[in-house]
Amino acid sequence: MKSETNPLFRALLAGSVTYLLGLAAMASEFRGAIAKEVLTVLLFPLGPAAIIATAVNLNSMPPAMKKYFWRFTAGTLAYVVGLVLANRIYAPDLRYRYWLILLPVIPIIFVVAAIVRGVSDMDEMKRKIVTDAAAFACLATGFTCFSYLFFRDMGAPEFHAEWAFYLMWLYYLIGLFFSWRRYR
Amino acid sequence: MKNRLRELRSAKEWSQADLAEKLGVSRQTVNAIETEKYDPSLPLAFKVAKLFKASIEEIFEPE
């Protein structure tokens, strides 16, 4: 009998190795070198992408999901290119530096549109699970951020915008777990 | 909402996966409808009714 490695195990292995390579590239000593930037920004998103792509067999994907997958990948890669370009060109005395920093935002609009379209093309119960989780993440993040302002006023450290992003994902995963369990 | 989906599917000797494929939804959706954890959308309810050649009221019943 032909023995096959579990696809999920292969996906986890491929994703973890890619992610660790990204981490190694980030920690490397090549300061300012374009190779380091390219490796870092490419390998970090490619790690999770490798996990998803290997775990979900692309050939068995419904056409709508396949379209979503390619749109999302193209948008993310364009974002990475925009990020590298913005980092390379940026200089503190540059006249259009604020516009330059916004460069990667353009492909992100495309990614958001792809996600919204992907969600509306989903199987109806999965769409309900995802939208319930997103609603929870949105409200919980908003209220947590707002509530933190009271702590800040009492002397807690200043709120950083990136915290909202991490919080949103954390709440989304929590929401996804409970929503998925409800319809299991 | 109560429904007779499992009974109708069993009568046709279809698996949940067979029914899911015919309806164009996931197997999990069929399972969640059968266990009455999820109420289908109106278009899906019409698809179910058409597939089993019955009216929506004959398959789905409010609690």
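Tutor: Accessible areas here come from the Shrake-Rupley method with a 1.4 Å probe, and for residues only the protein chains shown count as cover. The model is predicted, so local features need pLDDT of at least 70 and side-chain atom pairs count only at pLDDT 80 or more, while totals for chains, interfaces and linings use all residues. Residues are numbered from 1 along each chain as its sequence is written, chains are lettered from A and ligands numbered from 1 in the order in which they are written, and side-chain values use heavy atoms, with hydrogens and water left out.

Student: What percentage of the residues of chain A count as buried?

Tutor: Buried means under 20% relative accessible area, exposed over 50%, and partly exposed in between (1.4 Å probe, protein chains only). Chain A has 184 residues, and the buried share is 24%.

Student: Which residues does A:Leu94 touch, not counting residues up to four places away in sequence?

Tutor: A:Leu94 is placed in the loop between α3 (63–89) and α4 (97–101) of chain A. Its relative accessibility is 29%, so A:Leu94 counts as partly exposed. With contact meaning heavy atoms within 4.5 Å, and residues up to four places away not counted, A:Leu94 touches A:Ile89 and A:Leu100.

Student: With which residue does A:Arg152 form a salt bridge?

Tutor: A salt bridge is a side-chain nitrogen of Lys or Arg within 4 Å of a carboxyl oxygen of Asp or Glu. A:Arg152 is partly exposed at 29% relative accessibility. The closest N and O atoms of the pair are 3.3 Å apart, and the partner is A:Glu158.

Student: Against which helix of chain A do the buried residues of α3(B) pack?

Tutor: The buried residues of α3(B) are B:Thr29, B:Val30, B:Ala32, B:Ile33 and B:Glu34. In chain B they pack against β1 (2–3), α1, α2 (16–23), α4 (42–51) and β2. In chain A, the helix they pack against is α6 (124–153).

Student: Which residues form a negative surface patch?

Tutor: Patches are made of residues with over 30% relative accessible area and no salt bridge, with like charges joined within 9 Å and nonpolar side chains (Val, Leu, Ile, Met, Phe, Trp, Tyr) within 5 Å. Asp and Glu count as negative, and the place of a charge is taken as CG of Asp or CD of Glu. One member, B:Glu61, is partly exposed with a relative accessible area of 46%. The patch is formed by B:Glu36, B:Asp39, B:Glu61 and B:Glu63.

Terms used. Helices (H or I, at least four residues) and strands (E, at least two) are DSSP runs, numbered from the N terminus.
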